[in-house]
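Student: I am new to this structure, and I would like to go through a few of the terms used for it and ask what stands behind each of them.

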Amino acid sequence: MKVTRFAPSPTGNLHIGGVRTALFNYVFSKQSGGLFLIRVEDTDRERSKREYEEDIISGLEWLGISPDKTPIRQSERYDIYQRAAERLISSGNAYWCDCSPEDLEEMRKEQAALGKKPMYDGRSRDLGLKKSENTVLRLATPLEGETIVNDLIRGEIIFSNSELDDLILLRSDGTPTYHFCNVVDDYDQGVTTVIRGEDHISNTPRQIHIQKALDYPELEYAHLPLVLGEDKKRLSKRHAATSLNAYKEMGFTKETIINALALLGWSTENEIFLMDELIESFKLQNVQKAAAVFDLKRFNWVSSQQLAKLNDEAFFDVIKPFMKDEGINEDSTNYKKIILAMRTSKTNLKDIAHATRPFFFELDGYDEKGVSKFLNESLETLNFAHELLSKITEWNETELDIALINVRDYFNLPIPKVNQPMRIALVGSTVSPSLGLTLELFGKEKSLERIKKAIEFIG
RNA sequence: GUCCCGUUCGUCUAGAGGCCUAGGACACCGGGUUUUCAUCCCGGCAACAGGGGUUCGACUCCCCUACGGGAUGCCA
């Protein structure tokens with residue numbers, strides 16, 4: 001049974017890369033029948049905000065990535081870190097250091113000048129300093145030997161201990177640092193497997209040192225490849241929308257987002273799947289080592305496939321908020337029929353909802369190309385169609401199709417010559433569902449009115 | 001600078017030494033179906049970063065180089 005956790009710092013909205021990390025953690029734990037936990041790493045008091053924390057947790061909740069226990073918040077656990085620090089001090093694994101930031105700055109400069117790796121040289125280590133106003137607590141890390149990280153995705157990664165310096169556990173204001181809290185909390189929460197971004201690889205040996213000093217058991221690690229933008233730089237606002245909310249607002253369903261994100265760095269035979277299928281087939285060992293470029297086109301494709309899987313009622317449910325955004329309510333005439341007719345016209349819910357507008361609102365003009373190509377030469381056709389349609393009493397697709405054939409036959413024209421101008425008249429462009437259906441959806445009155453308007457437009 | 005991670009079609013990837021004439025998907029291009037668009041179906045284009053080894057044989061193993069990324073913070 002595996003216990004995993006997602007440990008975001010609430011310094012921004014839930015990021016799409018964060019969602020993927022959380023997803024992999026969730027799936028990995030669930031397939032072992034284990035637990036998925038959330039821990040808010042808000043030790044950076046300057047940048048952490050409660051609203052971000054809420055955004056992150058509710059975003060995951062929306063996706064169905066729910067924690068099995070109430071999320072914990074590091075800022076509320078300082079006494080716990082304090083106790084752990086005291087243990088380290090009494091066991092001789094940590095010591096107080098009074099070097100000022102300026103001292104350290106200078107030290108680094110000197111080392112850099114000599115072509116060495118800038119790092120704290122441990123000068124206070126054996127001074128036996130007491131805690132005072134400007135002291136930080138540092139971990140006494142092994143000077144020799146090596147630390148091996150056994151990564152579930154990458155295999156063994158070996159670090160020479162001489163590369164690592166004595167990291168700060170408690171700042172001079174007494175607050176604990178990231179590495180320290182992270183290790184204490186993973187232990188406290190009973191985490192077995194740490195799945196996180198690749199950018200944490202070099203942090204891992206440091207954290208292992210803290211673990212060892214505290215006598216904690218070893219953890220499993222898996223470092224996920226990063227998500228990149230088109231230019232192969234870390235995905236940021238410059239490339240595309242990065243927040244989960246943005247994708248939600250674009251009209252992607254949670255199934256789409258989960259599916260598409262799982263496919264970033266991981267693959268399986270059947271590329272379209274739902275959460276439980278993912279839990280069944282996911283293998284951490286199959287996760288890619290190299291970073292993956294985020295591609296919105298692929299997102300769109302997954303979306304079209306996921307939407308196609310939805311039955312009518314499920315589709316109405318997911319598109320409802322987007323219809324509302326367009327100002328279209330459920331009680332509008334032919335609401336459901338119109339949605340069904342337009343279902344496959346676009347790849348996401350927002351665009352589909354938008355595409356139904358001509359059925360609900362007055363046209364704000366005609367497509368120019370359509371006008372010049374079809375409408376201008378169709379005065380006679382439209383007049384005739386108007387006359388013919390006005391006589392129809394059974395206003396349904398079948399009858400209307402017959403009428404349209406009659407128009408075509410009367411003028412002996414190819415079908416598009418009749419249908420395209422009609423489409424322009426009705427929806428403003430040459431794109432619409434089957435014309436008989438389109439007419440049916442508009443209803444007799446509205447159809448005739450729009451054809452009339454088009455005639456007037458030409459005239 | 002030093003340490004660490006990585007590198008297969010434009011993109012996501014399959015590939016665990018011979019099954020590789022390197023497979024699939026998205027995108028793109030062409031064709032078909034369709035009253036338009038979309039859907040759907042068929043076809044096409046297109047990649048092992050470079051160089052050395054090891055081996056009878058290397059996309060697969062080793063080394064070097066190049067390139068990209070990360071770490072090197074009293075940020076997380």
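Tutor: Let us begin with F299, which has a relative accessible area of 2% and is buried; please keep in mind that this is a predicted model.

Student: Why is F299 called buried?

Tutor: Buried means under 20% relative accessible area, and F299 has 2%, so the word applies to F299.

Student: What makes the pair of F294 and F299 tilted?

Tutor: Ring centres have to lie within 6.5 Å for a pair, and planes under 30 degrees apart would be stacked while those over 60 would be edge-to-face. The rings of F294 and F299 have their centres 5.3 Å apart and their planes at 50°, so the pair falls into the remaining class, tilted.

Student: How many aromatic pairs does this rule give?

Tutor: The count comes to 16 aromatic pairs. Among them is the tilted pair of Y78 and Y81, with 6.2 Å from centre to centre and 55° between the planes. Y78 and Y81 are 3 residues apart in helix α3 (residues 78-90), which means that about one helical turn separates them.

Student: How do you know that the side chains of E271 and R298 meet in a salt bridge?

Tutor: A salt bridge needs a side-chain nitrogen of Lys or Arg within 4 Å of a carboxyl oxygen of Asp or Glu; for E271 and R298 the N to O distance is 2.7 Å, so the pair qualifies. This pair links distant parts of the chain, with E271 in the loop between α8 (254-262) and α9 (275-281) and R298 in helix α10 (residues 296-309), 27 residues apart.

Student: What makes R343 and D312 a salt bridge, and which parts does the pair tie together?

Tutor: Their N to O distance is 3.3 Å, which is within 4 Å, so the side chains of R343 and D312 meet the rule. R343 lies in the loop between α12 (335-342) and α13 (349-355) and D312 in helix α11 (residues 312-325), so the pair ties together parts that are 31 residues apart in sequence. R343 counts as buried at 14% relative accessibility, whereas D312 is partly exposed at 38%.

How values were computed: Residues numbered from 1 in each chain as written. Chains lettered and ligands numbered in written order. Predicted model: local features only at pLDDT ≥ 70, side-chain atom pairs only at ≥ 80, totals over all residues. Heavy atoms only, no water. Phe/Tyr/Trp six-rings, centres within 6.5 Å; stacked < 30°, edge-to-face > 60°. Helix = DSSP H or I, 4+ residues; strand = E, 2+ residues; numbered from the N terminus. Buried < 20%, exposed > 50% of the residue type's maximum accessible area, 1.4 Å probe, protein only.
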